[in-house]
Amino acid sequence: MTEETPGFEEKPDVPSDAAPDGAEPKDAPSSSEKEASPAGDAAQNVGLTAQLDQARSALNERTGDLQRLQAEYQNYRRRVERDRTTVKEIAVAGLLSELLPVLDDVGRAREHGELVGGFKSVAESLETVVAKLGLQQFGKEGEPFDPTIHEALMHSYAPDVTETTCVAILQPGYRIGERTIRPARVAVAEPQPGATPAAAKEEKATDEESGGTEEV
């Protein structure tokens with residue numbers, strides 16, 4: 001007969017990674033962890049959304065700053081160009097103002113037939129140069145008097161004008177673009193007080209002649 005060792009019982013082989021009876025597996029999440037997982041994901045999404053909103057707000061602010069900076073730079077460039085043009089016009093106007101007496105002498109010589117020979121060539125060259133610099137002459141007989149561009153040196157009355165009119169140009173005016181260097185110095189004539197303008201007389205005579213013809 002085989003003798004059995006008391007106190008020892010044979011037990012079935014159990015795998016090493018198996019959990020003891022009555023114990024839950026270590027890797028299995030508890031019910032509380034399962035409930036907390038969706039809440040944690042939601043909180044993380046809220047945090048990411050807040051960070052995204054902050055980034056967008058910062059981007060909009062930087063974009064606005066850049067746009068304002070570009071607008072200020074464009075305004076600065078326009079001011080510089082405008083100032084540069086103004087300074088150039090002032091410098092040219094100052095130079096040409098000194099030449100106006102010479103141009104007046106040239107004009108008087110031309111009127112008296114004295115612009116001949118070498119003097120004529122020099123005078124024409126001078127007029128060409130000042131024209132290239134933008135100098136323009138103005139002032140004509142018969143044009144209405146404009147105090148912004150004309151300077152009246154002589155005054156008279158005339159029955160054949162309907163408004164204050166330049167009847168003689170004593171000195172022509174000069175301008176550069178819209179800038180007047182010297183107004184045209186003129187003699188003006190106004191309608192004679194109490195006199196009927198010539199145009200009104202002619203119109204009245206025409207009406208009378210038409211009326212007489214109809215009666216006949």
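This is a predicted model: local features need pLDDT of at least 70, side-chain atom pairs count only at pLDDT 80 or more; totals for chains, interfaces and linings use all residues.
1. Residues are numbered from 1 along each chain as its sequence is written, and side-chain values use heavy atoms, with hydrogens and water left out.

2. Is histidine 150 buried or exposed? Its relative accessibility is 5%, so histidine 150 counts as buried (buried means under 20% relative accessible area, exposed over 50%, partly exposed in between, with a 1.4 Å probe and protein chains only). Leaving aside residues up to four places away in sequence, histidine 150 touches Glu143, Pro144, Phe145, Cys166, Pro183, Ala184 and Val186; contact means heavy atoms within 4.5 Å.

3. Histidine 150 belongs to strand S2, residues 150-158. Strands (E, at least two residues) and helices (H or I, at least four) are DSSP runs, numbered from the N terminus. S2 is part of an open sheet of three strands with mixed pairing, in the order S2-S6-S3. S2 and S3 are its edge strands, each pairing on one side only, and the twist averages 25° from one strand to the next. Axes for such angles are lines fitted to C-alpha atoms, for helices over the stretch in contact, and angles run from 0 to 180 degrees between N-to-C directions.

4. S3 and strand S6 (residues 184-191) run antiparallel and are joined by five bridges; two strands pair if DSSP finds at least two bridges between them. Isoleucine 169 has valine 186 as its bridge partner in S6. Glutamine 171 also lies in S3, which spans residues 165-171, and its side chain makes a polar contact of 2.5 Å with that of arginine 185. Among the residues that glutamine 171 touches are Asp104 and Arg182.

5. Three strands make up another open sheet, antiparallel and in the order S1-S4-S5. Strand S1 (135-138) and strand S5 (179-182) are at the edges with a single partner strand each, so one side of each has no neighbour in the sheet. Neighbouring strands of this sheet are turned by 35° against each other on average, direction ignored.

6. Which residues stand opposite each other in this sheet? Four bridges link S1 and S4, and glutamine 137 faces tyrosine 174 in S4. Three bridges link S4 (residues 173-176) and S5; here isoleucine 176 stands opposite arginine 179, and arginine 175 has threonine 180 as its bridge partner. In the hairpin of S4 and S5, with two residues between the strands, glycine 177 takes a positive phi near 65°.

7. Arginine 175 also lies over the face of phenylalanine 138, at 4.1 Å from the ring centre. For this, CZ of Arg or NZ of Lys must be within 6 Å of the ring centre and within 35 degrees of the ring normal.

8. To step back, the protein chain has three helices and six strands, following the pattern α-α-β-β-β-β-β-β-α along the sequence. Of its 216 residues, 13% count as buried.

Technical notes
A polar contact is a pair of N or O atoms within 3.5 Å; within protein, one must be able to donate a hydrogen and the other to accept it, and residues adjacent in sequence count only if both atoms are side-chain atoms.
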